[in-house]
Amino acid sequence: MAKKIRLMIVDDSATLRQVLSTVLAELPDIEVIATAADPIFALEKMKKDWPDVLLLDIEMPRMDGLTFLRKLMKESPIPVVIFSTLTEQGTSVAMQALAAGAVGVAVKPATGLKQFLQLHSNGLIQQIRAAAAAKLVRKAAVPAKTVILPVVPATASQHKSVSAGGQGPTKRPELIAIGASTGGPQAIEALLTALPATTPGIVIVQHMPQNFTAAFARRLNTVCQLQVKEAEPGDLIIPGRVLIAPGGQHMTVRQVNRQLLVDVQSGPHVNRHCPSVDVLFKSVAEVVGEASVGIILTGMGNDGARGMKQMFERGALTLAEDEQSCIVYGMPKEAVKMGGVSQSLSLSAMIRVLQCNTLITPITSLELALCSQTLL
């Protein structure tokens, strides 16, 4: 029998703690080992029985959830899922929590908790399961002049595949498409903050609940040289702009009079997700082909693997975050297994590639490897 996920719930609502514990008790793979009304009580209980995953509220007495999270990430990293309401303040603070190291965010209803959890608990449950698979390490500053984590050396067959398919753009890329899930917000922020305002247009699918994507875009817009916004139907894809698919809606790319733009619309879940990375990548493969770069980052599941294979077959440069760098090596692993990845790179090496020739001129497999191993 598989080991159960040991969960602690930290929330100042006694009703929420009781109802959520009852709902989760019916699951065979999750065990609520403790609950706490605030972080101070939680710390005392964690000394006696350390959980696998923490489900954390934001607004609590004595110590708020964000302060508690930052303390944990600095001293004893643990997978944390933020359980927040859809208030403007709640979503904004939740985005700060993701940037601070939380691996997921789920929606807490303002009213009708029991009915909501009975009908809509799947999203929260999947967040808990994904968090349990997360690999966290204590954050440390990177010393100056340190070599970036090296790219996994490409074999002869990999070099051949890069030159045959997925060789990368034959001219400056027209767009960069990114897909991510668990752990993605931190990885996406690291990528975007390293890129200049002259970067080709970027389109992103990050698995995230409805309304949280708008707050995610607003946060990124304050820390990047790029303009970041939640995508709307008809938004143009232009250099220096980043469009993030809204939660609950698929995003695709199309071309009108030689101008690339996005469509955003509701639709059935694909690979259990809406928006879906596969839906975006498939449209990029069909519309842009070799004039695109595809990137798949940390996340659980296989969303994006098929779409990346299609991009690769159309000649796009396709990069996957490697296992050592990923918080959850699920989506990149499936993309590699499907044979649609030009090369697997650490997140820091991927940043170097995006800062190098990839954004300006054609890039060979050898240049790709050398660029990804450049000194800071």
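**View 1. The largest nonpolar core, with L192 and L297.** The largest nonpolar core here has 61 residues, and L192 and L297 have the most contacts inside it. (A nonpolar core is a set of buried Ala, Val, Leu, Ile, Met, Phe, Trp, Tyr and Cys residues joined through side-chain atoms within 4.5 Å; buried means under 20% relative accessible area with a 1.4 Å probe, protein chains only.) Another core, of 29 residues, lies apart from it, with V205, L243, V277 and A320 among its members. This is a predicted model, where local features need pLDDT of at least 70, side-chain atom pairs count only at pLDDT 80 or more, and totals for chains, interfaces and linings use all residues. Residues are numbered from 1 along each chain as its sequence is written, and side-chain values use heavy atoms, leaving out hydrogens and water.

View 2. Two strands pair if DSSP finds at least two bridges between them.

**View 3. A closer look at β12.** V293 sits in strand β12 (residues 292-296). Is V293 buried or exposed? V293 is buried, with a relative accessible area of 0%. Next along, β12 and β13 (residues 317-321) pair in the parallel sense over four bridges, and G294 stands opposite T318 in β13.

Note on methods. Helices (H or I, at least four residues) and strands (E, at least two) are DSSP runs, numbered from the N terminus. Buried means under 20% relative accessible area, exposed over 50%, partly exposed in between (1.4 Å probe, protein chains only).
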